[in-house]
Amino acid sequence: MSEPTATPDAGLAGRNALVTGGSRGIGRAIVERLAGAGMDVTFTYLGNEAAANEVVSANPGLKITAVKVDARDSEAARLCVEALVDRVGTLDVLVNNAGVIRDNLLPMLEDDDLREVFSTNIEGVFHFCRAAVPFMMSKRYGRIINISSVSADKGGRGQTNYAASKGAINSFTKALAVEVGRRGIRVNAVAPGVIETEMSKGVRDLAGEEIISNIVLKRYGLPSEIANAVWFLSSDLANYITGQVLSVDGGFKM
């Protein structure tokens, strides 16, 4: 009988990460998971300074820094990345989590509902990736994980704008993976299903039983379960995975 193999080193301790939209829900869980793995984690927030400060204060001993940045602002994203690299030396992992929803039936969607969703969910990812990739290329090392959604492939009522934005992220992820793979950068996405967060509360309250009936595992997901997927794709355990969209949805609408 062969000896059990030791668990491989995840390779994250001592490295640096940037998580956009990290003050609540899935973003906060990702920040805490990566910091708990020994990373120096900087996260962005937009409006809720109290929530951002609470993430830092609730995790004494971990290296977590909060910065106020609007992902829709390309110059702000660039300055954020440059300041991070100036402070800690490298940017090893970028997690694009910042996102918004403006759900409504298509005839009732306003122009601002489109602009807000597209500018945050799509342009924000472009802005941060464009700022981060040159630094990763110079080190020939980088991990980019974009937070997509099950909505990109499995449509839902009132989410045409949101589904379109996440479908764009899936395509962006695959194209960027091809573009930067030769320089040691892996690019993947995680597509959560219905997760117990503040963002999904309205949908869960409105159609809870209907949603559960469409989930094979018969429960909502937890932010920590999305964070674990991000941790895995960031780690050396996923060194031969790029250009993929990992669904973490409990078997939603199978």
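Colleague: Where is Thr 90 found?
Modeller: Thr 90 lies in the loop between helix H3 (74-88) and strand S4 (93-96). Helices (H or I, at least four residues) and strands (E, at least two) are DSSP runs, numbered from the N terminus. This is a predicted model, where local features need pLDDT of at least 70, side-chain atom pairs count only at pLDDT 80 or more, and totals for chains, interfaces and linings use all residues. Residues are numbered from 1 along each chain as its sequence is written, and side-chain values use heavy atoms, with hydrogens and water left out.

Colleague: Is Thr 90 buried or exposed?
Modeller: Thr 90 counts as buried, at 19% relative accessibility. Buried means under 20% relative accessible area, exposed over 50%, and partly exposed in between (1.4 Å probe, protein chains only).

Colleague: And what does Thr 90 touch?
Modeller: Leaving out residues up to four places away in sequence, Thr 90 touches Asn 16, Leu 84, Val 85 and Lys 139. Contact means heavy atoms within 4.5 Å.

Colleague: New topic. How many aromatic pairs are there?
Modeller: The count is 1 aromatic pair. Rings of Phe, Tyr and Trp (its six-membered ring) pair if their centres lie within 6.5 Å; planes under 30 degrees apart count as stacked, over 60 as edge-to-face and the rest as tilted.

Colleague: Why is the pair of Phe 126 and Phe 172 tilted?
Modeller: The ring planes of Phe 126 and Phe 172 are at 55 degrees, so the pair is tilted, and the centres are 4.5 Å apart. Phe 126 is in helix H4 (residues 111-139) and Phe 172 in helix H5 (residues 160-180), 46 residues apart.

Colleague: Which of them is buried?
Modeller: Phe 172 is buried, at 13% relative accessible area, while Phe 126 is partly exposed at 41% relative accessibility.
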